[in-house]
Amino acid sequence: MPELPEVETVVRGLRGVMEGRRIASVETRRGDLRRPFPGDLAPRLEGARITGLDRRAKYGLIHVDRGDTLVFHLGMSGRWRIDPPALGPHDHLLIRVDPDRLLALNDPRRFGSVDLVRTFALASFPPFAGLGPEPLDPGFTPSLLARALAGRSAPIKALLLDQRIVAGLGNIYACEALHKAGIAPGRAGGRIGMSRLVRLIDAIKDVLEAAIEAGGSSMRDFAQPSGELGYFSARWLVYGREGKACACGTTVKRRTDSGRSTFFCPRCQR
Ligand SMILES: [Zn+2]
C-alpha cells in the first residue's frame, strides 16, 4: 500500500513528465475505481496546461491552468505507468501529454480514486477538510505537536495516526519514528516532554526523508520505457520485525494500538 514517501516519489516522477505540458487527451477505460470517475474529466482537462504537481497527505495533486486540480489516490495497488509499451486490463485512466507522452493509472484492486476539484476549493475537499499539518512542512514543529497532544491520554502511536494531528504519516513511519526517537508507543501522548517531542519531530522527518530518498534512487531503475512508479523496498528497523533482534540485540515486540500493529523495541523505547 503506497504510503506518504511513495506518493511523494510518484509526484516527483510525474512532475518531470507532466509539469508545463499540455494535456492532449484523457481517456477512462472503465467507469470507476473506488468511486466513479468524474463524468466531465476529459472536457475539463483536454487542452489544459499542467501548471504544477503537489502532494497532500497520501493524495497526489495535478494542477492545470483552468483552475482545476486532478486529485488522485493510489489506494492499495495503484501506480502510474509512464509510456507503457502496451496497455493492460488494469490501466484504467490514460492521460496523454505533449509531446507524445502517455501516463497510465494502473490499479488492479481499484481502491484508488480520481477527483476533479476547483483549485481554490481544495482545502474544503472532504478528504482534506480538518486534515492536520504535513509532517515534512517546516510548520510541523514540536510546539505545534505539543498543543495537539495536550491532555491526551491515548497512546502516542495511535495519536500519530490521527489525521487531524499529522497528515498521512502512516503505520510504518509512525513505528519507525517512535523507535528512532526512543519513545514507547504506549506512552500517553499528553505526557511526553518537550525535549522528547523535539526528538520525535526530527525522527518523523528523518524517516520520511530517508524513504523518499530511497524511492528516488530506486526510481532510476524504473526509468525504463516500461517504468512503473509507485513502490520501492526499504529496510525497516522495527516495522514487521516481531521476534527478530533490534540493533541493540533485544527482541522486537508487537502490540496493537487502535487496531493497528505496532512494532517496537522494549529496550530502546521508553
Ligand atoms: Zn533496541
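Donors are the N, O and S atoms within 2.8 Å of the metal. With that in hand, here are some close-ups of this predicted model.

**View 1. Four cysteines hold the zinc ion.** The zinc ion is coordinated by the SG atoms of Cys246, Cys248, Cys265 and Cys268, at 2.2 to 2.4 Å. Follow the chain through the site and you will find the donors spaced as C-x1-C-x16-C-x2-C. The angles among the four donor atoms run from 103 to 114°, and the site is tetrahedral. Cys248, at 29% relative accessibility, counts as partly exposed.

View 2. Strands of a sheet pair through backbone hydrogen bonds, either parallel or antiparallel. Here the strand order is 2-3-4-8, and the pairing is antiparallel. Strand 2 (50-56) and strand 8 (113-118) stand at the edges; each has a single partner strand, so one side of each lacks a neighbour in the sheet. From one strand to the next, the twist averages 20°. Helix 1 (residues 4-18) packs on this sheet and touches strand 2, strand 3 (59-64) and strand 4. The direction of helix 1 makes about 175° with that of strand 2.

View 3. To find your place, look for Asp68, whose bridge partner in strand 8 is Arg118.

**View 4. Strand 7 pairs with strand 5 and with strand 6.** Strand 7 (residues 101-106) is mostly covered, with five of its six residues buried. Strand 5 (residues 79-82) pairs with strand 7 in the antiparallel sense over four bridges. The pairing of strand 6 (residues 91-97) with strand 7 is also antiparallel, over six bridges. Which residue of strand 7 is the bridge partner of Arg79? Asn106 is that partner, and Asn106 is the bridge partner of Asp91 too.

**View 5. A hairpin joins strand 6 and strand 7.** Three residues lie between the two strands of this hairpin. Have a look at Asp100 in the hairpin, which takes a positive phi near 65°.

View 6. A pair of aromatic rings is described by the distance of the centres and the angle of the planes. The model holds six aromatic pairs. In the pair of Phe72 and Trp80, the centres are 5.4 Å apart and the planes make an angle of 75°, an edge-to-face arrangement. Both partners are covered: Phe72 is buried at 1% relative accessibility, and Trp80 is buried with a relative accessible area of 0%.

**View 7. Phe125 and Phe128 form another edge-to-face pair.** Why is this pair called edge-to-face? The ring planes of Phe125 and Phe128 stand at 80°, and over 60 degrees counts as edge-to-face. Their centres are 5.2 Å apart. Phe125 and Phe128 are both buried.

**View 8. Four aromatic residues form a cluster.** Tyr173, Trp236, Tyr239 and Phe263 are linked into a cluster by ring pairs.

Definitions and conventions. Residues numbered from 1 in each chain as written. Predicted model: local features only at pLDDT ≥ 70, side-chain atom pairs only at ≥ 80, totals over all residues. Heavy atoms only, no water. Phe/Tyr/Trp six-rings, centres within 6.5 Å; stacked < 30°, edge-to-face > 60°. Buried < 20%, exposed > 50% of the residue type's maximum accessible area, 1.4 Å probe, protein only. Donors = N, O, S within 2.8 Å, 3.2 Å for Na, K, Ca; no water. Tetrahedral: all angles 85-135°; square planar, octahedral: opposite > 155°, others 65-115°. Pairing = 2+ DSSP bridges. Axes fitted to C-alpha atoms, helices over the stretch in contact; angles between N-to-C directions. Contact = heavy atoms within 4.5 Å.
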